[in-house]
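Biologist: I'm new to this one. Can you put it up and walk me through it?

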Amino acid sequence: QYPGQIVLLHYNGNARDPVTASQFFAGHWIYYEGCKATQHIPAVTGATRIVVENAKLFKKNIGRYGNLNEDIGICALGNDGKPDWHYSEQVKLLDVDPDQNVITVQRACYNTRPKAFKAGNTWLAAHVSEGPWGPVSKKPNLLWYYNHSLLCPKDKNGKTCNDILVKEMGSLFGSGGALENFDGIEFDVLLSEVTAAYPLGERQADTDADGKPDNGIVNGINEYSAGIISFCRALRKTLPKQKLILADSFKKGHQRAFNIINGIESEGWPSLGDPRFRQWSSGVNRMLFWSANCNRPSFNFINH
């Protein structure tokens, strides 16, 4: 409509600041592999010492600036022995004593209430997180990973993380929405693999919430990648037809929603981390491929 200009929302598709996430359910996030509490946890406020099976699963001094401790989800175990995030609490890690298998946490964080949990029937797992991306002076939070997997647990209304996020984006870009006059959205790091953005280290992610590590791949199927495709397809159906949907694609594990989204951002050229342009042809090929296989209208660009 106005080919000389374009206005896109640049939005993190991987993760979110938990203070802006009240509409999401505890099971809508990805957690690392966790462990059980071996003693009862009382429903109290303030700092609480918790005895766990393996305190080494919880990390201090992490994040972009190395100055934050992990956020941890606590939940009951269901009759099937798997984490039940419908009865849960969010806490902040204060200290770790790996020799005694004790962690100290700040209770009832992120608009949750302190709850009582039983020894041997309680699961604790750290959030898979990234960032923070704000300046350290603002004391930003770690960002929690969305569980885009098709096996993401559902909230009490039967909604997955993707369902909630699609509805939110639809309300922003639809008629009367705050971003009604924007041309669309560019999802930064809306990737097709859990590990594609930042290595998770020695721990793995649990995306189907069964308490076991899987890094998004269950029974040989990348359910996380399938969930990303499903999310893009649902969002394309929800947003007005003329609104553009873009996402990063400049290396393995990045966006693969061909014929669904309208294009890509190449962060760096030919990719981020190739300052000597050794893979020039791969950058050209990627742009040509996406130009030929985008939903129309198409828009691909380089952020260098």
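Biologist: Is Asp95 buried, exposed or partly exposed?
Modeller: Asp95 is partly exposed, at 37% relative accessible area. Here buried means under 20%, exposed means over 50%, and partly exposed is in between, with a 1.4 Å probe and protein chains only. Keep in mind that this is a predicted model: local features need pLDDT of at least 70, side-chain atom pairs count only at pLDDT 80 or more, and totals for chains, interfaces and linings use all residues. Residues are numbered from 1 along each chain as its sequence is written, and side-chain values use heavy atoms, with hydrogens and water left out.

Biologist: Which residue forms a salt bridge with Asp95?
Modeller: Lys60 does, with the closest N and O atoms 3.0 Å apart. A salt bridge is a side-chain nitrogen of Lys or Arg within 4 Å of a carboxyl oxygen of Asp or Glu. The pair links distant parts of the chain, 35 residues apart: Lys60 is in the loop between strand 5 and strand 6, and Asp95 is in strand 7 (residues 83–97). Strands are DSSP runs of E, at least two residues, and helices are runs of H or I, at least four, numbered from the N terminus. Lys60 is partly exposed too, at 34%.

Biologist: How many salt bridges does the structure hold?
Modeller: It holds 6. One of them joins Glu202 and Lys59, with the closest N and O atoms 2.9 Å apart. Those two sit 143 residues apart in the chain. Glu202 is exposed at 60%, while Lys59 is partly exposed at 24%.

Biologist: What about Glu70 and Arg203, how do their side chains meet?
Modeller: In a salt bridge, at 2.7 Å from N to O. Glu70 is in the loop between strand 5 and strand 6, and Arg203 is in the loop between strand 12 and strand 13. Both residues are buried.

Biologist: New topic. Where is strand 12, and how many of its residues are buried?
Modeller: Strand 12 covers 184–188. 5 of its 5 residues are buried, so the strand is largely enclosed by the rest of the structure. Gly184, Glu186 and Asp188 point one way, and Ile185 and Phe187 point the other way.

Biologist: Why two ways?
Modeller: In a regular strand the side chains alternate between the two faces of the sheet.

Biologist: Which strands pair with strand 12?
Modeller: Strand 1 (residues 8–12) pairs with strand 12 in the parallel sense over 5 bridges. Strand 16 (residues 244–248) pairs with strand 12, also parallel, over 4 bridges. Two strands count as paired if DSSP finds at least two bridges between them. Leu8 stands opposite Gly184, and Ile185 stands opposite Ile245.

Biologist: And which strands form the open sheet?
Modeller: 3 strands, in the order 2-11-10, with antiparallel pairing. Strand 2 (15–16) and strand 10 (129–130) stand at the edges with a single partner strand each, so one side of each has no neighbour in the sheet.

Biologist: Last one. Where is Asp274, and is it buried or exposed?
Modeller: Asp274 is in the loop between strand 17 (263–267) and helix 3 (280–292). Asp274 is buried, at 10%. Its side chain reaches the backbone nitrogen of Gln279 at 2.9 Å. That is a polar contact: N or O atoms within 3.5 Å, where within protein one must be able to donate a hydrogen and the other to accept it, and residues adjacent in sequence count only if both atoms are side-chain atoms.
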